[in-house]
Amino acid sequence: MSTPQPQATPVDPTRPRPPRKAPSAAGRYLFLFLLGLVLGIIAVVMLLRALEGRKTWQDHYPTAAMQLMSAHSAQLRQKLEANRCAATDVLPHLQALRTLGNDLDPAFPDLRDNTRFAGHTGSFRATLDDALASPPMNCAGLKSTLEAIGSDCKACHTDFRG
């Protein structure tokens, strides 16, 4: 048994071929657009990383100090929510906040001579000094300490954060 051969369609040389449509350039344009988009994103990321790499520790200092203070305050709030308000649980965070309070003036050198800023930072440190002198022994004490710290922070942020 043999395999049947496909039959060739006879081509009539006298019959004109239909005109071919020119291929659309839309595919090429889409490809070039996507390529440009990808290359643009890569260039922007490289530029932003180069600019970030030029920053020194002094540029990061204010943000880092605020983030550390926020982290310790958040941990104190978590202790309050978890009902773990013993002095041994909260003292390390209060001590860290007090130490960070000393860093506020160097972190914001342009505000160092501002009397309102000095008043806010002094009030913040005084609140923490009081909390460290007589640490909160229960959750009610921790809550009032957190409210005092929060009001000091809010007062400064209202005046200087914009």
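Why is the disulfide of C85 and C139 right-handed? I looked up the torsion about its S-S bond, which is about 90 degrees, so the disulfide is right-handed.

**Ground rules.** I am working with a predicted model, where local features need pLDDT of at least 70, side-chain atom pairs count only at pLDDT 80 or more, and totals for chains, interfaces and linings use all residues. I number residues from 1 along each chain as its sequence is written, and side-chain values use heavy atoms, with hydrogens and water left out.

**Cysteines.** I searched the whole structure and found one disulfide (a pair of cysteine sulfur atoms within 2.5 Å). C85 and C139 form it, with their sulfur atoms 1.9 Å apart. The pair links distant parts of the chain, 54 residues apart. C85 sits in the loop between α2 (57-81) and α3 (87-102). C139 belongs to helix α6, residues 139-160. For helices I use DSSP runs (H or I, at least four residues), numbered from the N terminus. I find both C85 and C139 buried. Buried means under 20% relative accessible area, exposed over 50%, and partly exposed in between (1.4 Å probe, protein chains only).

Then I checked C153 and C156. The sulfur of C153 has its closest cysteine sulfur in C156, at 7.9 Å, which is too far for a bond. I note C153 as partly exposed because its relative accessibility is 24%. C156 is buried, because its relative accessible area is 15%.

**Helix α1.** This helix covers residues 26-53, and G27 lies in it. I count G27 as partly exposed, because its relative accessibility is 47%.

Next I looked for a nonpolar patch on the surface. I found one formed by F31, L32, L35, V38, L39, I42 and M46, with about 710 Å² of accessible area together. Areas come from the Shrake-Rupley method with a 1.4 Å probe. M46 is in helix α1. I log M46 as exposed because its relative accessible area is 56%.

**Record check.** UniProt, in an unreviewed entry, lists residues 29-48 as "transmembrane region". Such annotations may be inferred rather than shown by experiment. In the model, I find this span 100% helix and 0% strand, with its end C-alpha atoms 28 Å apart.

Terms used:
Helix = DSSP H or I, 4+ residues; strand = E, 2+ residues; numbered from the N terminus. Patch = residues over 30% accessible without salt bridge, like charges linked within 9 Å, V, L, I, M, F, W, Y side chains within 5 Å. Salt bridge = Lys/Arg side-chain N within 4 Å of Asp/Glu carboxyl O.
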